[in-house]
Amino acid sequence: MSIKGETVCTGRCYCGARTFTTTQAPQTVAYCHCDDCRRATGGPVAAFAAFEEQAVTFTPDEGRKAAVNPGVTRTFCADCGSSLTGRYDYLPGQVYISLGVVDQADDFAPRIHTHESERLTWLHIDDDLERVATSGRATIADPSKQ
Ligand SMILES: [Zn+2]
Ligand SMILES: [Zn+2]
């Protein structure tokens, strides 16, 4: 079941073999400073746009799954390795798409820093966003708190 409607966001992996469209704007956009997200994405900080699962369509598929830690499943383009999605058992119904593969990323500024306690000490992002030491699940799971 997918939510029908106009395409709002589009995106693609590094090599272009995998693309996606969404019929909604992100429910939230978050930085994640945790060690896992750094390793999964290869950057000093990760950022994700969260969508309702049914609002996202991948073509031809979401890539290769990697479930390294309990409760988290990530996908990567099977051809180029781009980090595409993350799903978290504690955030049911949402898919977190790596912000860097979203074509309209410039339109969707992050609203929160999660796992601030694991931020690289030399990384300073000058903003007034909420910073939470852990996952921030209470905030990011509830779009009304944005
Ligand atoms: Zn690719
Ligand atoms: Zn993380």
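This is a predicted model: local features need pLDDT of at least 70, side-chain atom pairs count only at pLDDT 80 or more; totals for chains, interfaces and linings use all residues.

Residues are numbered from 1 along each chain as its sequence is written, chains are lettered from A and ligands numbered from 1 in the order in which they are written, and side-chain values use heavy atoms, with hydrogens and water left out.

**Stop 1: the zinc ion (ligand 1)**

Select the zinc ion (ligand 1) together with Cys13, Cys15, Cys77 and Cys80, whose SG atoms coordinate the ion at 2.3 to 2.4 Å. Donors here are N, O and S atoms within 2.8 Å of the metal (3.2 Å for Na, K and Ca); water is not among the atoms, so sites may look incomplete. Why is the arrangement around the zinc ion (ligand 1) tetrahedral? The four donor atoms subtend angles of 105 to 115°, and four donors count as tetrahedral if all angles lie between 85 and 135 degrees.

Along the sequence, these donor residues follow the spacing C-x1-C-x61-C-x2-C. Now colour by secondary structure (strands are DSSP E runs of at least two residues, numbered from the N terminus). Cys13 sits in the loop between β1 (9-12) and β2 (19-22), and Cys80 in the loop between β7 (72-76) and β8 (83-88), so this pair ties together parts that are 67 residues apart in sequence.

Cys13 is buried at 1% relative accessible area, while Cys80 is partly exposed at 25%. Buried means under 20% relative accessible area, exposed over 50%, and partly exposed in between (1.4 Å probe, protein chains only).

**Stop 2: the zinc ion (ligand 2)**

Move to the zinc ion (ligand 2), where the SG atoms of Cys32, Cys34 and Cys37 coordinate the metal at 2.1 to 2.3 Å. Their spacing in sequence reads C-x1-C-x2-C. Cys32 is buried, at 7%, and Cys34 is buried too, at 9%.

**Stop 3: the tyrosine rings**

Finally, select Tyr88, Tyr90 and Tyr96, which form one aromatic cluster. Rings of Phe, Tyr and Trp (its six-membered ring) pair if their centres lie within 6.5 Å; planes under 30 degrees apart count as stacked, over 60 as edge-to-face and the rest as tilted. By this rule there are three aromatic pairs. One of them is Tyr88 with Tyr90, tilted because the planes stand at 45°, with centres 5.9 Å apart. Tyr88 also pairs edge-to-face with Tyr96, at 5.4 Å centre to centre and 85° between the planes. Tyr88 is buried at 10% and Tyr96 is buried at 3%, whereas Tyr90 is partly exposed at 31%.

Definitions and conventions
Four donors count as tetrahedral if all angles lie between 85 and 135 degrees; four count as square planar and six as octahedral if opposite donors are over 155 degrees apart and all others between 65 and 115; anything else is irregular. Helices (H or I, at least four residues) and strands (E, at least two) are DSSP runs, numbered from the N terminus.
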